[in-house]
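Student: Can we go through the contacts in this one? I'd like to start with the charges.

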Amino acid sequence: MAKKILALTGDQAAAFAMKQIEPDVLAAYPITPQTEIVMNYSQYAADGLVRTEMIPVESEHSAMSACVGAVAAGARTMTATSSQGLALMWEILYIASSLRLPIVMPVVNRALSGNINIHCDHSDTMGARDSGWIQVYCENPQEVYESIILAIKIAEDKEILLPVMVCQDGFITSHGVEGVETLEDDKVKEFIGEYKQEFSLLNVDKPLTYGPLDLQDYYFEHKRQQAEAMANAKKKIPGIISKFEPLTNKRYDFIEKYRLDDAEVGILALSSTCGTTKVVVDELRKEGKKVGLLKLRFLRPFPAEEIIQALSKLKAVAVLDRSESFADHGGPVFNEVRSALYELNKKPLMTNYIYGLGGRDVGLSQIKSVFEDLFKIVEKGGPKSLVNYLGVR
Amino acid sequence: MKKKGWKEIPIAGLITEAGSAAKYKTGDWRTFKPVRDEDKCIHCLICWIYCPDSSILVKDEKMVGFDYEHCKGCGICASVCPKKCIKMEKG
Ligand code: SF4
Ligand code: SF4
């Protein structure tokens, strides 16, 4: 059977990937703009297309708690959320990663309150970047679909065993229909294999305790193990991607370089803004301007070496942050990227743009203005200001 | 005992052995310890029912003493004893 191309929104692409994965348990609570994922999945379950145990819970705190219990019991488990839902899961996010439970969770990025806003920015998952979860950011529904399948394999790897958030932009990606090339069900099932929880709570022959009191004497050692698991993720993800490559004929690395190798100036961005930026790069390239894009796909583990390698030859780089960290010193992505580049003897000039908060649209002209600014920065030998607000009045 | 390093212990703080809590000596958390006046004790075992740390030792249905390696000195036994024959003393 040939690969089917389906017209899917980002949410539907996530639900479709989940249907093919067919987790044993799905515990979730609806929240805009994620609701369609769980809504579609509930339909699959109601139609008898999946055998998943659906747990409709009363909050996201309970959703993540139910996931923790289910994975510890030995079930392959998924959920999905956005914004306030992720915020309400907060304390259990840390417990899931600390207990090394490979939960895969699509997150549809949405601004955090207040004031209440249902549209895209990355403040929700940026806040959770230190929670010990692997984080993947997707440009479009195609990437959402493939990344979710890939995430199962990454999360469940014996040397990793960490939960994964697969992020997409609220409404822009989650509700935009695109053609998504899908794999056959059996190919997906074969790739992910069967989930075997080595430390199952339900295995009465090997009784064990999850989550005991862990004080000054061993807590630190367990955190060290978690840090090692993330380092293992860094080492093993390329190999897992290589196994996925023949199925999709696509290479999903930690980063994606777009016309960057001979570029003079470049933009680093995440998710759907990369699509917009690619169009601008093509337009400016036609005018002979040497511009490029670095798309960051994985924020955790943080691909520092890859970023250094990709940006080292540029004269100036603008990092686009779709969230504000209120440090008065730039957004979260900017600070991590800038810190990575400290290793270089000859560093590119850098500037930061906070943009798109609360779903504020970012168009071609704005991205173009960033490239124009970058050329000015090169000319003047430095940026006017370290942090800029793109598209604010 | 030399404590193990992060490479030598199970991941995630898992305890892979059942009933291992007995190995964790909690007696030194205590400020006051229960001491019983044997002559007054009627062996009703109410202290045994109430002790939250399973630290009342019983033999042949008789109260025979305290497990001081695990007794945390909460004083519940002294409080519930109908004969008031348990005193909490320093140590
Ligand atoms: S409660 Fe008091 S009287 Fe009863 S067994 Fe314990 S010490 Fe003895
Ligand atoms: S003091 Fe508390 S812990 Fe100790 S024996 Fe009495 S009830 Fe048990």
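Student: How many salt bridges are there between chain B and chain A?

Tutor: The count is zero, a salt bridge being a side-chain nitrogen of Lys or Arg within 4 Å of a carboxyl oxygen of Asp or Glu. This is a predicted model: local features need pLDDT of at least 70, side-chain atom pairs count only at pLDDT 80 or more, and totals for chains, interfaces and linings use all residues. Residues are numbered from 1 along each chain as its sequence is written, chains are lettered from A in the order written, and side-chain values use heavy atoms, without hydrogens and water.

Student: OK, what area is buried between chain B and chain A?

Tutor: About 1,600 Å², with 69% from carbon and sulfur atoms; buried area is the accessible area (1.4 Å probe) that two parts lose on being put together, summed over both. In chain B, Trp6(B), Ile11(B) and Leu14(B) lose the most area to chain A, together 39% of what that side buries.

Student: Switching topic, which domains does chain A have?

Tutor: Domain 1 (3-248) and domain 2 (255-390), with bounds from an automatic or database domain assignment. Their C-alpha centres lie 28 Å apart.

Student: And how many salt bridges between domain 1 and domain 2 of chain A?

Tutor: The rule finds eight across that interface. Asp130(A) and Arg300(A) also meet in a salt bridge through their side chains, at 3.4 Å, N to O.

Student: What area do domain 1 and domain 2 of chain A bury between them?

Tutor: About 2,200 Å², 56% of it on carbon and sulfur atoms.
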